[in-house]
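I opened this one to look at domains, a ligand site and charge pairs. Here are my notes, in the order I took them.

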Amino acid sequence: MSRRVATLVTGERTRAQVREASRAERHRAAEMRREQRERDRQLKAAQKAIWAGDYLPPEGEAGPRMGRSLVPAHARAERATTRVLRTQYPFVAEEGLGSAGAYIGWDKLSRTAFCFDPFELYARRIISNPNITVSGAIGSGKSSLMKCLALRSAAFGRKTFVPGDVKGEWTPVVKAAGGAVISIGGADGAKLNPLDEGRRPERDLDGKVVTDELWARTVQRQRHSLLGALTSALLGRPLDQDDHTALDTAIDATVKRGGVPLVPTVVEELLAPSLTAGLPLGAATSEQLAAMGRAAGLALQRITRTGDLAGMFDGPSTVRFDPAAPMMSVDLRNIPQGSEALPLLMTCTGSWMESALRGADLGQRYMIYEEAHRLMPLPGLLDRMRDQFKLTRAWGTANVIVIHRLSDLDAVGAAGSRERAVAEGLLADTSTRVVYRQESDQLEAARRTLGMSEAAVRAVSHLIVGSGLWMVGKRTFLVGHQRTRWEAQVTDTDAGMGAGA
Ligand SMILES: Nc1ncnc2c1ncn2[C@@H]1O[C@H](COP(=O)(O)OP(=O)(O)OP(=O)(O)O)[C@@H](O)[C@H]1O
Ligand SMILES: [Mg+2]
């Protein structure tokens, strides 16, 4: 393309001025040609460098399994439909999970929209259970992702329950969705009775009609599982046979005494048995039974009479669970963040909500356990949670555990120990693992625990906020979560840092 240079003339000019102007024009035109030649030269050199191997060696990239060839590649632009291309170029990009479910964001590898619905994928047998683990460094965007998933999934009729919202950050989201928030702690906090019977489903997991006897057994098992987990966490050891027998007898006696069974009554029965339910085999006298239950009784007394949990779980529930609400959360922001009792509290609220959600007729729902890493050091609590995961799958619940660091698993116990197996079992029970940015010292733990490839580990170390590696069954995606402006406002947790302004 040739370009011309001209002078803008306004008014009369002398001969000398005309000569001067045309000399300047010629000079500028020559200068521009020179510049153009230089640009062409640089472009040519850059293109040549690509094929000469500066960017890509002619024989292919170095490294194992990179498909190196001694013959330089000659690429030719080609157009074809994806139907043809997928057989011509297999394994280049994922076809995606389809468009069913909530839109999450941008699949960075295949450059398509990424949608996700664990129930749909479970029905298609792409995953073996609908449970999800989300792990990532502090502030990497885990909760935002879950909040958007919950809000967007509401359009598909999925409900969301958050039993332990430690920071109270779900409250605006739940309110925006027209759900109910239960606030615990503080001056006017609600009381929850973790021994509430909960919802009685018409049929049990095996499809059998729930008779009175079966129901009583189910409730007894649930109460034992909760109090057993709490006691073991408080004692810092697994329960022995004496503890189990005393606990069972105390719960039985509490129920037989009539009225609403409460934790303080169980404590009373442990420390000074009333023998309402008689003596269990193995205890000849009430003194012997009291001796068997003394450790458990004293431990449980710590959470009912003293400590951070006093006054929260020692009476009948002052709120009712509303299973029809599209979203529900238990706001724990009034509980001191560093409180040692927080994991116990989360377990109580979790158990209360889980028992209220029994049954397959409540529709498919998410149960989101935020800050689940706080339970990691307490295998008893994890054990209970894992059992719960197994139960709820049949009832259409997708359990989501949100954790910070995968090395927390190492703190649970040495590799191969029972405690460690419990924690790893919890992860093994989640078919979908979303890994957000990890601190560099966490990469090895992530690789080991989640069975990530080297390429996946490399990708995770470079992720930005809101982007994550999704391992869905055996397939992997790199996804950038996208939020609308309204979602960004309602899910923002940086307001205190000035970003909210
Ligand atoms: N997809 C995204 N795009 C841009 N910003 C995001 C995205 N997701 C989250 N953020 C921002 O990052 C901040 C932290 O997000 P979020 O609270 O979800 O992180 P987190 O991983 O749950 O943190 P924590 O570990 O403290 O619970 C929020 O203020 C949020 O607005
Ligand atoms: Mg969070």
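I began with the domain assignment, whose bounds come from an automatic or database assignment: domain 1 covers 99-192 + 319-501, and domain 2 covers 198-316. I then checked the contact between the two, counting heavy atoms within 4.5 Å; 27 residues of domain 1 and 23 residues of domain 2 take part. Their C-alpha centres are 30 Å apart.

A note on ground rules: this is a predicted model, where local features need pLDDT of at least 70, side-chain atom pairs count only at pLDDT 80 or more, and totals for chains, interfaces and linings use all residues. Residues are numbered from 1 along each chain as its sequence is written, chains are lettered from A and ligands numbered from 1 in the order in which they are written, and side-chain values use heavy atoms, with hydrogens and water left out.

Next I looked up buried area, meaning the accessible area (1.4 Å probe) that two parts lose on being put together, summed over both. Domain 1 and domain 2 bury about 2,200 Å² between them, and carbon and sulfur atoms give 67% of that. On the domain 1 side, Lys 191, Leu 344 and Arg 358 lose the most area to domain 2, together 29% of what that side buries.

What polar pairing did I find across the interface of domain 1 and domain 2? There is 1 residue pair in polar contact, both at pLDDT 80 or more (N or O atoms within 3.5 Å; within protein, one must be able to donate a hydrogen and the other to accept it, and residues adjacent in sequence count only if both atoms are side-chain atoms). I found 0 salt bridges there (a side-chain nitrogen of Lys or Arg within 4 Å of a carboxyl oxygen of Asp or Glu).

Which element gives the largest share of the side of domain 1 that touches domain 2? My answer is H10, with 8 residues.

Oxygen atoms of ligand 1 lie 2.7 Å from a polar backbone atom of Ser 144 and 3.1 Å from one of Ser 140. A polar side-chain atom of Asp 492 is 3.0 Å from a ligand 1 oxygen.

Last, I searched the whole structure and got 21 salt bridges. One of them joins Glu 31 and Arg 28 (2.5 Å, N to O).

Terms used: Helices (H or I, at least four residues) and strands (E, at least two) are DSSP runs, numbered from the N terminus.
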